[in-house]
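Biologist: Please put the model on the screen. Then let us take it one question at a time.

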Amino acid sequence: MAGAMISTCPGLYCGRMRVNGSVEGDCGVCPRGERTNLQKVCERCTESPELYDWLYLGFMAMLPLVLHWFFIEWYSGKKSSSALLQHITAMLECSVSAVVTLLVTEPVGMLTIRSCRVQMLSDWYTMLYNPSPDYVNTLHCTQEAVYPLYTIVLIYYAFCLVLMMLLRPLLVKKIACGLGKSDRFKSIYAALYFFPILTVLQAVGGGLLYYAFPYIILVLSLVTLAVYMSASEIQSFKNLVAKKKRLVVLFSHWLLHAYGIISISRLDKLEQDLPLLALVPGPALFYIATAKFTEPSRILSEGGNGH
């Protein structure tokens, strides 16, 4: 036993099992929900996710909901009442899926999860770090070192898809009478495309997204807000408040800005980080203040006068 303790396991993620307080067996993969410690012994993960981990899970949970809303809006045409009901249903599907996913993850039946702490990017890609001690035979130690952050997202997507297939077709058939038969289900068909894409994105790029998502949220929310305000020809506060829908879009983008800022700062120092949230309305105010100077027709007319 002393010899087993002295000779540590090769690779980053190979470890020995602890049985009845003593370390036994050959080096190998740790069981699900465990990862190796510094002594290369498999240890059960008992920590709770950090705020940043929850924010990452929230981002991955938001992706299908935002895509649902986008495609419902895109394909619903002028039928705003049917679109609203579909928006609410999509939100219900994602919310129920999130709750069920948390309930089936250890500890089962509770809305909390136990997790292994993410230490570095390689924790997400353990399959790339299987060691070959004798340069011939590979010791396979692929495991979920970031348990359960990798698989919980895939389980959530599966529940979202199942609930959507159960609820949405019936709802759309009932309410979307004004749309043509082919147009009715287009938002559902779109989801059947984007769910596999999101699954591959999580499977391949989960680790990269974990570190990059705050910046992705900020950049995308800024770009989409600018595109929306430009497409809706919003050039003054009067244009902005003319329709309730525009205010809903604006406030939802502000929430995304705030989410991105909180994710970047992680609220480590509240007195320093909370004032940053005052920047949230900045981009929209800047756009409205400068929109009249960048009006294409005005620039063209001034260019024509100059000639």
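The talk below covers a few residues and helices.

Modeller: First, the ground rules. This is a predicted model, in which local features need pLDDT of at least 70, side-chain atom pairs count only at pLDDT 80 or more, and totals for chains, interfaces and linings use all residues. Residues are numbered from 1 along each chain as its sequence is written, and side-chain values use heavy atoms, with hydrogens and water left out.

Biologist: Is D53 buried or exposed?

Modeller: D53 sits in helix α2, residues 51-76. Helices (H or I, at least four residues) are DSSP runs, numbered from the N terminus. Buried means under 20% relative accessible area, exposed over 50%, partly exposed in between (1.4 Å probe, protein chains only). D53 has 1% relative accessibility, so D53 counts as buried.

Biologist: Which side chain does D53 join in a polar contact?

Modeller: Contact means heavy atoms within 4.5 Å. Leaving aside neighbours within four places in sequence, D53 is in contact with R117, L149 and Y210. A polar contact is a pair of N or O atoms within 3.5 Å; within protein, one must be able to donate a hydrogen and the other to accept it, and residues adjacent in sequence count only if both atoms are side-chain atoms. At 2.4 Å, the side chain that D53 joins is that of Y210.

Biologist: How are α4 and α6 arranged, roughly parallel or roughly antiparallel?

Modeller: The axes of helix α4 (residues 149-175) and α6 come within 10 Å and cross at roughly 170°. Axes are lines fitted to C-alpha atoms, for helices over the stretch in contact, and angles run from 0 to 180 degrees between N-to-C directions. Angles under 35 degrees count as roughly parallel, over 145 as roughly antiparallel, 65 to 115 as roughly perpendicular and the rest as oblique. Therefore α4 and α6 are roughly antiparallel.

Biologist: What span should the 22 residues of helix α8 have?

Modeller: Helix α8 covers residues 244-265. The expected span is 1.5 Å times one less than the number of residues.

Biologist: With which residue does the side chain of H87 make a polar contact of 2.9 Å?

Modeller: H87 lies in helix α3, residues 80-104. H87 is buried because its relative accessible area is 16%. Beyond four places in sequence, H87 is in contact with W69, I72 and E73. The polar contact of 2.9 Å joins the side chain of H87 to that of E73.

Notes. Helices (H or I, at least four residues) and strands (E, at least two) are DSSP runs, numbered from the N terminus.
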